[in-house]
Structure formats: C-alpha cells, structure tokens
Amino acid sequence: MSVVPHWINNKQYTGQSATNAPVTNPATGEVTRRVALADQHDTRVAINAAAAAFPAWRDTSLAKRTSIVFRFRELLNERKNELAEIITSEHGKVLSDALGEVSRGQEVVEFACGIPYLLRGGMTENASTSIDVTSLRQPIGPVGIISPFNFPAMVPMWFFPIAIAAGNTVVLKPSEKDPSASLWIAELWSEAGLPDGVFNVLQGDKIAVDELLVNPEIKAISFVGSTPIAQYVYATGTAHGKRVQALGGAKNHAIVLPDADLDLAADAMVNAGFGSAGERCMAISVLVAVGNIADELVAKIAARTRILKIGDGNKASDMGPLVSKSHRDKVASYVDAGEKDGATIVVDGRTITIDDAADGFWLGPTLIDHVGTEMSIYTDEIFGPVLSVIRVDSYDEALELVNSSEFGNGTAIFTNDGGAARRFQNEVQVGMVGINVPVPVPMAYYSFGGWKNSLFGDSHAHGLEGVHFFTRGKVITTRWLDPSHAGIELGFPQNT
Ligand code: NAD
C-alpha cells in the first residue's frame with residue numbers, strides 16, 4: 001500500500017521514521033493508503049531545508065516573488081477540480097463543498113499577489129532637522145503551519161500564500177487524517193517555479209508538532225485545531241520565543257428574532273448546521289429561537305432536514321460522511337447523551353443506512369429541540385451534523401447565552417430589524433458576525449479569527465493581520481551629514 005511521503009526541497013522525501021498511519025475513504029471505510037509520520041530527525045530535515053532556503057528567498061525581488069505566487073494562482077485555478085477530488089476522497093465532504101473550500105483558499109492567494117503594495121513602508125522627510133525616517137516590514141524566517149483535518153486545502157492557504165509572498169519559508173504539517181491535498185499543493189508550487197526549500201510539507205503527528213514548537217530555526221507558528229491543542233501550541237511556542245497564532249474550537253450560535261423571515265432562517269440553519277457534515281469551525285450548532293416562533297421554525301427546519309440526501313461526496317449527495325469511525329461514534333454518543341438528558345430528538349441521524357456503503361462513517365443530520373444549557377450536547381464542541389435548539393423569551397436572554405459561551409468564533413442573527421442587528425454587532429463577544437448570513441467567513445482581505453477560547457494570540461489569519469504576522473517592522477532614522485554639523489551631545493535624542 002502506498003505511503004504519502006513528506007515534501008522537502010521540491011521533492012518527495014520518505015524520511016527515516018518507519019512509523020505510518022492509515023488514511024481512509026470515509027464514504028467506504030476502506031483504508032486507501034498510509035501516511036508517513038515524521039520523527040524528530042525527519043522534522044529537522046524539513047526545518048533545516050526551510051532555514052537554508054530563507055536567506056536567498058527573502059532577498060529575491062518582490063517582482064519575482066509575486067510572479068511565482070501569481071503563477072501558482074493560475075495553476076490552481078486551472079486544476080482545482082483535481083484538488084477537490086483528493087479532498088473528497090480523504091475528508092468525505094461533497095465535491096461542490098470541496099471545490100468551495102479551494103476557491104476560498106484561492107482568494108488568499110489572490111490577496112497575496114498584492115504583496116508589493118501590502119509591504120510598502122513609510123517615509124518621513126526632515127522629521128527632525130536633516131533627519132529622515134523610514135519604516136520597513138521584513139520577513140521573519142522559517143515558519144511552521146499546523147492544520148486540522150476539516151479544511152485540508154483552505155486552512156493552510158489562509159497562511160502560506162502570505163508567508164511565502166512576504167519572503168518567509170514554510171514547513172506545513174497537515175492533519176494526518178487527510179494528508180494528500182498538501183502534497184498536491186506542494187507539487188503545484190514546484191511547477192509554479194518556487195525555489196527548493198521555500199515550501200515544505202511534513203507529514204506527522206504530535207512528535208512533528210513538538211519539534212516545530214521548540215526548534216529555534218522556526219520563528220512563528222500558525223496553528224488551527226481544537227481548543228486544548230491550540231492552548232498547548234500557544235503556550236509551548238511562545239515559551240520558546242516564537243510568534244504564535246493558534247485558532248481553536250467553536251460553538252457557534254444563531255439567534256432568530258420573532259420578526260425574521262422564517263423560511264430564510266430555516267434554509268440558513270440547514271446549510272450552516274449540516275454543510276460539510278457540521279465539520280466546520282463556522283458551522284452553526286446552536287439555534288437560539290426568540291419568542292413564539294420556535295414551533296414554526298423547528299418544523300420548517302425539520303422538513304428541510306428530512307429531505308437531505310446523504311451519501312458519497314463524489315455522487316449527487318447533499319452531505320457526506322464524517323471523517324472517521326471514532327469521530328462518528330463520538331458525535332452519536334453526544335446525541336445519546338442529549339436524549340438521556342431530556343432533549344427532544346426531532347430528526348434522528350443515528351438511524352441512517354446507506355445501502356451500497358454500509359462501512360462508511362455515516363451519521364445523518366440531527367435536529368434536537370428543548371436543549372438545556374447544562375447538557376453536554378450544548379456545552380461541548382461536537383463537530384458533527386447536530387443542530388441544537390434553545391428557546392428563550394427575549395433578545396437579552398439570547399445575547400447573554402452567546403456571550404456566556406467559552407467560545408467566540410462565529411455567530412449570526414436573523415432579523416428584519418436593523419436596530420436590533422446593529423445592537424447585536426456592537427454587543428456580541430464573538431470575532432465573526434453574520435447578519436442574515438449564517439456562515440460569515442471573512443473575505444481574504446479581511447482577517448479571520450475568533451475571540452475567547454477560539455483564538456490564542458494577537459493576530460487573526462490573512463488580511464492585513466496576516467501580513468503583519470508574517471513580517472516584522474523596522475524603523476530607520478537617517479542623517480546625511482552636511483559639512484556645517486559638528487559637536488558632541490550626550491543627552492537623549494530630542495526633536496529639534
Ligand atoms: P486537532 O486539534 O485534533 O488537530 C489539529 C492539528 O494538531 C493536526 O495537525 C494534528 O496532527 C495536531 N495534533 C493533534 N493532537 C496533537 C497533540 N496532542 N499535540 C500536538 N499536535 C497535535 O483538530 P482536528 O480534529 O484536526 O480539527 C478539528 C478542530 O479544529 C475543531 O475543534 C475545529 O473547531 C477546529 N478548527 C478551528 C478553526 C478556526 O478557525 N478556529 C478552523 C478549522 C478547524
């Protein structure tokens with residue numbers, strides 16, 4: 001059986017580690033290949049390649065760097081269907097969704113093509129007598145990117161286009177559950193003309209991550225994954241002197257006010273709750289129904305949920321399987337717990353069967369009403385196709401619920417009342433807010449990131465915050481002496 005290798009210095013690298021892990025097709029349950037798991041030596045080979053490539057890449061002209069990023073964009077645009085198929089075969093999401101993920105990642109590549117403009121510094125002439133001041137932003141060095149299983153292309157693309165365009169070199173450690181997309185991307189970079197060692201892929205698990213977090217050659221870490229690991233990565237990376245942005249888990253609420261268009265809200269709840277089988281950090285997992293609309297809204301959502309077609313993402317399905325058997329069973333166990341705790345299962349995805357693929361990791365969309373805030377189905381991030389409904393009497397109660405959550409990634413409000421929406425955007429303690437938009441993922445030229453336990457660090461991903469994260473400032477104060485100047489002055493420099 002083939003083993004997905006690492007990618008170092010623009011070629012495949014098998015590594016010395018004999019350890020590997022199975023990669024499955026979630027729609028069939030079949031192990032289709034294995035993936036190499038780096039040991040400390042293999043990790044250092046990747047880091048050393050990135051470190052060796054850095055000096056020449058940072059000194060490569062902006063014009064040349066941009067032309068390579070632009071070429072990468074062109075190749076990606078031409079061939080993104082290939083990447084989408086790879087994603088579906090290892091992650092399970094339906095093809096249209098996989099293509100959507102690639103397109104959202106491509107937007108960041110397009111943003112990075114504007115790097116000459118984004119890296120412009122400032123200049124002040126005659127700030128003090130005969131003194132000029134210039135500010136620059138320079139790359140920081142080799143950077144590590146550690147990504148989760150749920151967006152094997154888009155999440156790495158939140159970071160590496162900007163990191164590379166700004167003159168850094170990269171070691172990407174993708175999720176071991178769906179490693180092949182990153183290798184395809186690496187080959188595309190090579191075809192686009194990226195020099196050896198600028199973009200490296202390291203397959204692995206905690207062993208690889210731990211070396212990236214402590215190795216002094218790595219200057220910054222961009223991590224995306226669950227909250228406990230994000231906390232660990234942030235604490236360990238910063239303790240070793242690195243700049244770290246660690247994006248964590250989520251539990252996103254959507255509030256529906258009594259004046260909302262209930263059909264629009266019901267469509268949105270189904271799309272945001274069950275798209276990608278709920279394995280999205282911006283999925284809506286809690287619907288907060290305000291006032292007397294709950295019965296009608298739940299009925300509309302249930303009707304739409306019951307007709308969703310579940311099946312292999314390569315076929316004409318609305319929703320694919322979950323990523324692994326253990327994850328499927330964990331999500332189902334949360335539904336069991338919710339039922340035991342007294343919630344009402346309106347649509348039960350646990351009973352689903354798929355005739356021609358009995359061994360796939362199936363769990364149908366599940367709608368649960370009358371959920372209480374003390375239930376584990378509410379308190380924990382479930383990361384599956386499970387939409388919980390909480391009923392409250394007022395806007396204030398709904399807001400309090402959202403703001404009490406330990407997470408603050410995304411949220412949405414559905415209303416036709418502009419005043420209520422405006423108040424919500426001001427008061428809610430969440431990083432990304434949708435108004436009648438259920439999955440408010442910011443465009444590439446804005447920055448993506450949550451608050452509270454959904455992000456550790458100061459910088460959100462991409463947009464200007466991404467450019468700042470992958471560069472550091474330098475200010476140069478210059479005086480070209482004219483012959484009239486002379487004299488010694490030991491006091492602190494003052495403006496004159
Ligand atoms: P995960 O935390 O299990 O894994 C993320 C990465 O960390 C992977 O590369 C994995 O190999 C590595 N890892 C796993 N265990 C580790 C350990 N003990 N030490 C060091 N590294 C370790 O997350 P996942 O299951 O792959 O992805 C789903 C999670 O990611 C969800 O919690 C989801 O909310 C979150 N997520 C967040 C965002 C966001 O923008 N905030 C985006 C996508 C996913």
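This tour walks through the ligand site of a predicted model. Residues are numbered from 1 along each chain as its sequence is written. Local features need pLDDT of at least 70, side-chain atom pairs count only at pLDDT 80 or more, and totals for chains, interfaces and linings use all residues, while side-chain values use heavy atoms, without hydrogens and water.

**Start with the shell.** Select the 26 residues around the ligand, each with a heavy atom within 4 Å of it. S147, E176, S226, G248 and E381 come nearest. The shell divides into 14 nonpolar, eight polar and four charged residues; Gly counts as polar here.

**Now the ligand oxygens.** Show polar contacts, meaning pairs of N or O atoms within 3.5 Å. Pick S147: a backbone N or O atom lies 2.7 Å from a ligand oxygen. Go to S226, where a side-chain N or O atom is 2.6 Å from an oxygen of the ligand. At E381, the side-chain distance to a ligand oxygen is 2.5 Å. Taken alone, the ligand exposes 840 Å², and the protein buries 88% of that (Shrake-Rupley method, 1.4 Å probe).

**Next, colour the elements.** α7 (206-214) and β11 (220-224) each give two or more residues to the shell; these are DSSP runs, with helices of at least four residues and strands of at least two.

**Finally, the domains.** Colour domain 1 (3-248 + 454-477) and domain 2 (252-435). Both give residues to the shell, so the ligand lies between them. The bounds come from an automatic or database assignment.

Terms used:
Polar contact = N/O pair within 3.5 Å; in protein donor to acceptor, adjacent residues only side chain to side chain.
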